[in-house]
Amino acid sequence: MKINNNRSGEDYLETILLLSDELEYVHRIDIARRMGVSQPAVQKAIKILIDGGYITTDGMHIYLTEEGRRYAGSVYDRHCVIRAFLRMHGVNETDADADACEMEHVISPATFAMMRDYVDGHKN
């Protein structure tokens, strides 16, 4: 299942995934701070992600569902592979990370497969 308006939804899922690895509990304010967005924007995204079955909440804490964790993991994996590919080709860390953030949402499966194969074949 893909998220409608996938870039924004994917960014929120990826942020929730990373925060859940760092914090015991993820709160709306954590997401807002990490993403540099307003709490009302987070609230709107939370509703969409709940409706899509990607997250649950107990009113205070936000949890990824199994599907949400799988989807967020695939987005983050694309980000990491693209960033590594760009770094291997001489792009500085800051630009590689920023570009990966953009490219992870629009890259074709064929191009991503080529990047993954390249990165996997050139690991030290």
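Reply: Here's the overall picture, then the crossing, then a few spots elsewhere in the chain.

A quick word on the ground rules: this is a predicted model, where local features need pLDDT of at least 70, side-chain atom pairs count only at pLDDT 80 or more, and totals for chains, interfaces and linings use all residues. Residues are numbered from 1 along each chain as its sequence is written, and side-chain values use heavy atoms, with hydrogens and water left out.

The protein has 6 helices and 2 strands; helices (H or I, at least four residues) and strands (E, at least two) are DSSP runs, numbered from the N terminus. Reading from the N terminus, the elements go α-α-α-β-β-α-α-α. The radius of gyration is 15 Å, close to the 14 Å that the globule rule gives for 124 residues, so the protein is as compact as a globular protein of that length. That radius is taken over C-alpha atoms, and the globule rule is 2.2 Å times the number of residues to the power 0.38. Along the principal axes, the C-alpha atoms fill a box of roughly 45 × 30 × 25 Å.

Now for your crossing. Helix H4 (residues 66-88) and helix H6 (residues 109-121) have axes that come within 9 Å and cross at roughly 60°. Axes here are lines fitted to C-alpha atoms, for helices over the stretch in contact, with angles running from 0 to 180 degrees between N-to-C directions. The H4 and H6 crossing is left-handed, a label used if the near helix is turned anticlockwise from the far one by less than a right angle (right-handed if clockwise). H4 brings Asp77, Arg78, Val81, Ile82, Ala84, Phe85 and Met88 to the contact, while H6 brings Phe112, Met114, Met115, Arg116, Tyr118 and Val119. Contact means heavy atoms within 4.5 Å. By class, the contact of H4 with H6 has 10 nonpolar, no polar and 3 charged residues. For that tally, Ala, Val, Leu, Ile, Met, Phe, Trp, Tyr, Cys and Pro count as nonpolar, Asp, Glu, Lys and Arg as charged, and the others, Gly among them, as polar.

Rings of Phe, Tyr and Trp (its six-membered ring) pair if their centres lie within 6.5 Å; planes under 30 degrees apart count as stacked, over 60 as edge-to-face and the rest as tilted. By this rule the count comes to 2 aromatic pairs. Phe85 and Tyr118 make an edge-to-face one, at 5.4 Å centre to centre with 75° between the planes. Phe85 sits in helix H4 and Tyr118 in helix H6, so the pair ties together parts that are 33 residues apart in sequence. As for burial, Phe85 counts as buried at 12% relative accessibility, and Tyr118 as partly exposed at 28%. Buried means under 20% relative accessible area, exposed over 50%, partly exposed in between (1.4 Å probe, protein chains only).

Next, the rest of the chain. Buried residues make up 36% of the 124 residues. In helix H2 (residues 28-35), the buried ones are Arg28, Asp30, Ile31 and Ala32, and their cover includes helix H1 (6-22), helix H3 (39-51), S1 and S2. Met35, also in H2, is partly exposed, with a relative accessible area of 24%. Setting aside residues up to four places away in sequence, Met35 touches Asp11, Tyr12 and Thr15. Just after H2, Gly36 takes a positive phi of about 70°.

Over in helix H3 lies Ile46, which counts as buried at 1% relative accessibility. Beyond its neighbours within four places in sequence, Ile46 is in contact with Ile16, Arg28, Ile31, Ile55 and Ile62.

Finally, look at the loop between strand S1 (55-57) and strand S2 (62-64), where you'll find His61. His61 is buried, with a relative accessible area of 14%. Not counting residues up to four places away in sequence, His61 touches Tyr25, Val26, His27 and Thr56.
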